[in-house]
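Try each task before you read its solution.

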Amino acid sequence: MDWITLILSVIVVVISFHLIFAENNPYAPPCIRGWIPWFGAAFEFGKAPLYFIAQARAKYGPVFTVYAAGKRLTFVTLHEDFRTFFMSKDVDFEQAVQEPVYNTASISKGSFYKFHPACNALIKGRLTPGNTALLVSDLCEEFNQHLELLGDRGSQQLNELVRSVMYPAVISNLLGKCNAPGTPLSRQEFKKKFTIYDEGFEYGSQLPDIFLKEWASSKQWLLSLLVNMVNKAEENTYNESGSKTLLQHLVTTITDKFLPNYGLLMLWASLANAIPITFWALAFILSNPTIYETAMGQITSALKDKDKQKTHLSLDNLQQMPYVKWCIMEAIRLRAPGAVTRRVVRPLRLQNYIIPPGDMLMMSPYWAHRNTKYFPEPEEFKPERWEKADLVKNVFLDGFVAFGGGKNQCPGRWYAIMELHMFVALILYKYEFTLLDPVPNPSPLHLVGTQQPEGPCSVQYRHR
Ligand code: HEM
């Protein structure tokens with residue numbers, strides 16, 4: 001009798017859930033809601049979100065909603081709708097990211113709405129193509145210094161190698177030399193804490209700290225580090241060369257107690273997407289002999305017989321290696337972020353549907369870059385497809401959306417392309433590599449940011 005009551009109760013709950021929450025908007029897109037109240041399709045979606053999107057697109061069409069953990073995520077998959085996604089006044093970036101920003105950097109709602117526009121304008125202004133060019137020489141010096149620490153020969157995981165060079169070099173370049181971890185121990189500690197923070201960022205953006213103890217303690221460690229950096233930036237308003245770092249600009253823009261927290265977000269944004277792409281670009285080049293030969297041909301002819309230890313590389317040198325830049329763009333295309341997001345703030349028309357306010361609108365650059373209309377043979381790493389883009393004039397290929405779009409398009413994109421271009425050219429000029437593992441697949445687990453490798457990829461290297 002007890003069992004029958006229990007089963008009947010479950011059936012009543014499920015039916016009531018469907019009656020209460022079933023779509024009563026006849027213009028809403030198809031909704032995948034699972035059968036468990038509130039959780040909806042969260043479990044299936046969470047197992048491999050990227051694959052879930054592709055299967056749902058094939059089954060339900062170009063616009064569909066996934067109901068998961070109390071949220072409605074409405075996916076927009078047609079290129080012709082991307083303009084609406086990025087430009088419509090009926091969608092909002094800040095409302096979409098405020099809660100994740102609170103969870104990952106502990107910035108209050110009030111502070112975020114007050115300071116985000118100025119913070120965004122500041123980073124955009126400091127990292128224009130013109131201002132990025134001013135950072136080239138210092139970044140080259142930093143890369144040289146940290147690449148030399150790899151020694152004459154060795155072997156390790158390629159992504160660990162990239163992190164150990166790029167973390168301190170980019171921190172020094174963007175936040176100031178005095179803020180980069182200066183000893184082997186502090187570099188190692190930073191790498192460990194930042195890697196935990198970065199790898200758990202997606203879960204950390206959704207869940208309170210109590211569910212993610214190690215992640216939350218790395219976040220606190222990084223926040224204390226940022227408090228120190230901010231103190232130094234407040235004491236010295238200019239750096240050694242008489243200019244200001246991004247952090248020194250930030251301290252004059254954010255005037256509340258969350259200043260170090262904004263610093264942490266800026267640090268995360270500057271490292272989290274660029275570093276996996278550096279790994280992929282190197283792995284794709286090293287695993288393809290023809291591509292490797294072509295890239296090396298350009299690198300050696302641009303750098304000729306420059307010193308192999310202190311290799312001075314200028315903007316002009318980079319311009320003499322367009323093929324290497326195509327390799328970077330192709331790696332970004334193939335391993336683009338899983339999703340970018342906006343919140344619908346007023347009813348939004350898309351195709352024949354009306355998307356209700358409150359929905360999270362989602363667009364996947366990763367899948368957009370697999371549309372054969374824009375990118376034939378989309379799974380192939382084909383640097384030469386970038387020949388058609390006018391990269392000298394900073395124009396990307398049609399259909400390329402890895403940096404998002406509209407007024408919240410990635411403000412670090414010109415810096416990212418320059419830094420990756422320079423890093424790949426320098427490391428290949430200085431070192432000879434052997435790949436010890438096949439190139440891994442991307443992990444299907446994440447929607448936030450560029451793709452992570454699913455398995456190991458070790459390399460052996462030798463100084464030339
Ligand atoms: C390959 C490397 C990178 C990729 C693929 C990438 C991609 C993105 C994407 C997709 C967004 C969201 C855009 C949108 O929603 O429309 C974004 C935002 C952002 N990116 Fe990047 N990014 C990269 C590197 C960088 C770097 C190197 C920096 C800083 C130096 C940076 C700073 C930022 C910031 C600050 C935001 C937030 C903008 C805002 O709050 O409005 N990114 N990035």
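Predicted model: local features only at pLDDT ≥ 70, side-chain atom pairs only at ≥ 80, totals over all residues.

Residues are numbered from 1 along each chain as its sequence is written.

**Exercise 1. Describe the two domains and the side of domain 1 that touches domain 2.**

Step 1. Find the bounds. Domain 1 covers 23-93 + 341-368, and domain 2 covers 108-337 + 369-463. Such bounds come from an automatic or database domain assignment.

Step 2. Taken over C-alpha atoms, the centres of domain 1 and domain 2 are 30 Å apart.

Step 3. Count the contact. Domain 1 brings 13 residues and domain 2 brings 16 residues. Two residues are in contact if their C-beta atoms, placed from the backbone, lie within 7 Å.

Step 4. Name the elements on the domain 1 side. Helix 3 (49-60), helix 4 (82-87) and helix 19 (365-368) each supply at least two residues. Helix 19 gives the most, with 4 residues. Helices (H or I, at least four residues) and strands (E, at least two) are DSSP runs, numbered from the N terminus.

Step 5. Sort by class. This side of domain 1 has 12 nonpolar, 1 polar and no charged residues. Ala, Val, Leu, Ile, Met, Phe, Trp, Tyr, Cys and Pro count as nonpolar; Asp, Glu, Lys and Arg count as charged; the others, Gly among them, count as polar.

**Exercise 2. Locate Ala69 and state its phi.**

Step 1. Recall the rule. Most residues other than glycine have a negative phi.

Step 2. Read the angle. Ala69 has a positive phi of about 45°, although it is not a glycine.

Step 3. Locate the residue. Ala69 sits in the loop between strand 2 (63-68) and strand 3 (71-76).

Step 4. Ala69 counts as partly exposed because it has 15 C-beta neighbours inside 10 Å. The cut-offs are 20 or more other C-beta atoms within 10 Å for buried, 12 or fewer for exposed, and partly exposed in between, with C-beta atoms placed from the backbone.

**Exercise 3. Which residues are closest to the ligand?**

Step 1. Count the shell. The ligand is surrounded by 24 residues.

Step 2. Pick the closest. They are Ser270, Asn273, Gly404, Cys410 and Gly412.

Step 3. Find the top contributor. Helix 14 gives the most to this shell, with 3 residues.

Note on methods
Near = placed C-beta within 6 Å.
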